[in-house]
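Work through the exercises below with the sequence and the coordinates open. Each task is followed by a solution in steps.

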Amino acid sequence: MQTFFIVAILALGFLITFQIAKASEYVAVLRGEEQSRKQSNKVNAFLLLAFLVLGLIGVYYCNENLKGKILGEAASDHGVLIDRMLYITIAITFIVFVITQVALFWFAYKYQHSDKRKAYYYPHNNKLELIWTVIPAITLTVLVGFGIFYWFKITGDAPKNAMQVEVVGSQFKWEFRYPGKDGILGKKYFKNITGDNPLGQIWDDPANQDDIYIVGEPMHLVVNKPVRLVIGAKDVIHDVGLAHFRMKMDAVPGTPTTMWFTPTKTTAQMKKETNNPDFVYEISCDQMCGQGHWSMRGEIVVETQEEFDVWMVQQKPKYLAVFPDKDPAKPKTDTVAKQATTVAVAGSH
Amino acid sequence: MSETIHEHPGTVTHGAAHDDHHHGHHEQSFITKYIFSQDHKTIGKQFLITGIIWAIVGGLFSVLFRLQLGFPGQSFPILETFFGHWAKGGTIQPEFYYALVTMHGTVLVFFVLTAGLSGTFANLLIPLQVGARDMASPFMNMLSYWFFFMASMVMIASLFIHTGPASGGWTVYPPLSALGQASSGSKLGMDLWIVAMALFVVSSLLGGLNYIATILNMRTKGMSMTRLPLTIWSLFFTAVLGVLSFPVLFSGLLLLLFDRNLGTSFYLSDIYVAGEILPNEGGSAILFQHLFWFLGHPEVYIILLPAMGMVSEILSVNSRKPIFGYMAMLGSLFAIAILAFLVWAHHMFVTGLNPFLGSVFVLLTLLIAVPSAIKVFNWLTTLWRGNIRLFPSTLFAIGFVSLFISGGLTGIFLGNSTIDIHLHDTMFVVAHFHIVMGVASMFGMFAGVYH
Ligand SMILES: [Cu+2]
Ligand SMILES: [Cu+2]
């Protein structure tokens, strides 16, 4: 019903505009063309001014109304830098925006055609032009300076104590791998990929034998502990988009990429802050990757070190799942837990 | 417009058909006059009309996918009547949505705003404004249109095949676009897309070379380069950008075609798709992005520069003043054209690009804001103390400047790699380029048509 009304209103509006246009055409014929051109010039000039005022009010109105829809404070150290850069840029561009838009529409209104005035012949003024070359140049130097400073901070090497997690995208899911107690992600080769070995790990590499593979479940991270993501893809380009951390990096088949950041708020904290008991950190695939692209998401749980250790204890290396007889702790269940604990502790340091 | 042709009716067949007082062909059937015409004005109109048709088609695509955006998952039974299994149960299916978005982008960027804009106005205005009788090579000019027409036909054909048209985004990044297994839009539709674009590149090269040759060699007496109207200058830079960058796209697409059909590995490496391990190793998916954006960024200016040029003239004529700072305007056009080639990787900040290289591209990208700012201030000063006739063309020109300000300022966010980490691949980007190169150039086009 509502749709019907909208369509009806649009059609009516169109009809009215059309009729007004037609009527004004007849009036123009009656009045003489020069006269009506002058008249419409005045109307247009006024409308330009009205457009400016309404437009600026609209800018304010939209800002007020949509305030609550933005993501809220960044949940990572790099996110804070990115937000700060964003606000610096908003401040500077907003000033430029207002000055230039007001000048544009004000001039168009103020200097509308009039028989009493003649246009002022003003072909150039080098001094003036120099001024508005130099001022934008200086402003941009500031923006570039801040931008590159933060950029190097964000893309620089990860701290030594960062934990590593591998993220692999494929149509249309995310898989994760933790390096296990040795802290090293084992080598892999894509031709090894089978149902049992979804990442193509090379089992002969001892570094692989304690790696923990996770699929269909959230990635777990420790709050206030830097994490370095090693990102890859199996089929087409995907993108690890972490809106709450303000981070993003493409997952490219054949070319591993990395990014690091430090999550600063646990999931529990975010639930409280956002007043949303269902809050989860989301990994959204931000690069068009095929027909299921829209559904390609993963989750991240940020928790305290203790909670993380408890979770890690329950994980078992993929190697042992594939070769159960290599599992030294197989017969006795309590040693499984014991071994996994050491894995967790090592993996987290 | 075609009155010049009507002045010579009848069936004169003397040998002086090409002397100084006559131009065009004397005996013209409907076909040579309107269809395979070599007259620059007719060709301009052909480009305009084809562009308008494409604009309507591309606009309808966006209406369809916005139905899904505005009312996610809702059923519109009428859609199933028209589109069958693409809109099963009246709901726009994901593959349909992606195909619509892809085709909307391709059609609007290339077929409407490149061919429709510079094809129309370069053909119509260059000979008139430099004082030449026609283009340097009217025949090449005709070919330029007909290659564009063929490109259009192939692209339209791709809409009607069973597996659907290309649907990996207008940027057609491989491996998605290289692997038929990865998406149904990457099957035959993608091959047709590449063929259509190749024909399109040929068209724009034939046109561009012609525009450059005409502007350089066929100016009338007294029309020195620094007296050329800014419109002509902007069309000149547009043509230069096109001639230098479209071949790079062409080679990129050619390699993609090889990867698709001949088993090469230019863009493919380490791929396991649809349960199958592919033999390709050693390629780089990112290579394509470099080749694509080496055209892709200048393409923005190929679209925008003609609009800038026309707006300069329309504002100056209708405020009854000369354009403020002609040389500065010219200089900034030149600077923009040069910088256009040096910023392509700002589309690739989050592809794992070397951070140092990224910082260089930040610097060069934000540098473009300087000539852009000069242009805005000069337009404002042109209006200042003028005696402004607010014709529809003036209104569109003012609208262009307003949009260019908004679009340019949002570019300062995206050109800054730090902010781009967050904004990349979001609707902010979509909004930015729609304001600055979509709507603004559309306004420039309207302004030009009304003028
Ligand atoms: Cu994806
Ligand atoms: Cu660009």
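Helices (H or I, at least four residues) and strands (E, at least two) are DSSP runs, numbered from the N terminus. The model is predicted.

**Exercise 1.** Locate Ala274(B), and state whether Ala274(B) is buried or exposed.

Solution. 
- Step 1: Ala274(B) belongs to the loop between β1 (272-273) and β2 (276-277) of chain B.
- Step 2: The relative accessible area of Ala274(B) is 61%. The cut-off for exposed is over 50%, so Ala274(B) is exposed.
- Step 3: Phi of Ala274(B) is near 50°, a positive value in a residue other than glycine. Most residues other than glycine have a negative phi.

**Exercise 2.** Which residues coordinate the copper ion (ligand 1), and what is the geometry of the site?

Solution. 
- Step 1: The donors are His238(A) through ND1, Cys285(A) and Cys289(A) through SG, and Met296(A) through SD, at 2.0 to 2.5 Å.
- Step 2: The angles among the four donor atoms run from 89 to 125°. Four donors count as tetrahedral if all angles lie between 85 and 135 degrees, so the site of the copper ion (ligand 1) is tetrahedral.
- Step 3: Along the sequence, the donor residues follow the spacing H-x46-C-x3-C-x6-M.
- Step 4: Cys285(A) and Met296(A) are both buried.

**Exercise 3.** Which residues coordinate the copper ion (ligand 2), and through which atoms?

Solution. 
- Step 1: His297(B) donates ND1, while His346(B) and His347(B) each donate NE2, at 1.7 to 2.0 Å.
- Step 2: The spacing of the donors along the chain is H-x48-H-H.
- Step 3: His297(B) lies in helix α9 (residues 285-318) of chain B, and His347(B) in the loop between α10 (326-339) and α11 (355-367) of chain B; the pair, 50 residues apart, links distant parts of the chain.
- Step 4: His297(B) and His347(B) are both buried.

**Exercise 4.** How many residues does the largest nonpolar core have?

Solution. 
- Step 1: The largest nonpolar core has 213 residues. Among those with the most contacts inside it are Tyr178(A), Trp379(B) and Phe400(B).
- Step 2: Helix α5 (residues 94-130) of chain B gives the largest share of this core, 20 residues.
- Step 3: Setting aside neighbours within four places in sequence, the contacts of Phe400(B) include Leu304(B), Met308(B), Trp379(B) and Phe443(B).

**Exercise 5.** Where is the peptide bond from Gln171(A) to Phe172(A), and is it cis or trans?

Solution. 
- Step 1: Phe172(A) is placed in the loop between β1 (163-170) and β2 (173-178) of chain A.
- Step 2: Omega is near -10°, and the bond is cis. Most peptide bonds are trans.

Definitions and conventions
Residues numbered from 1 in each chain as written. Chains lettered and ligands numbered in written order. Predicted model: local features only at pLDDT ≥ 70, side-chain atom pairs only at ≥ 80, totals over all residues. Heavy atoms only, no water. Donors = N, O, S within 2.8 Å, 3.2 Å for Na, K, Ca; no water. Buried < 20%, exposed > 50% of the residue type's maximum accessible area, 1.4 Å probe, protein only. Core = buried A, V, L, I, M, F, W, Y, C linked by side-chain atoms within 4.5 Å. Contact = heavy atoms within 4.5 Å. Tetrahedral: all angles 85-135°; square planar, octahedral: opposite > 155°, others 65-115°.
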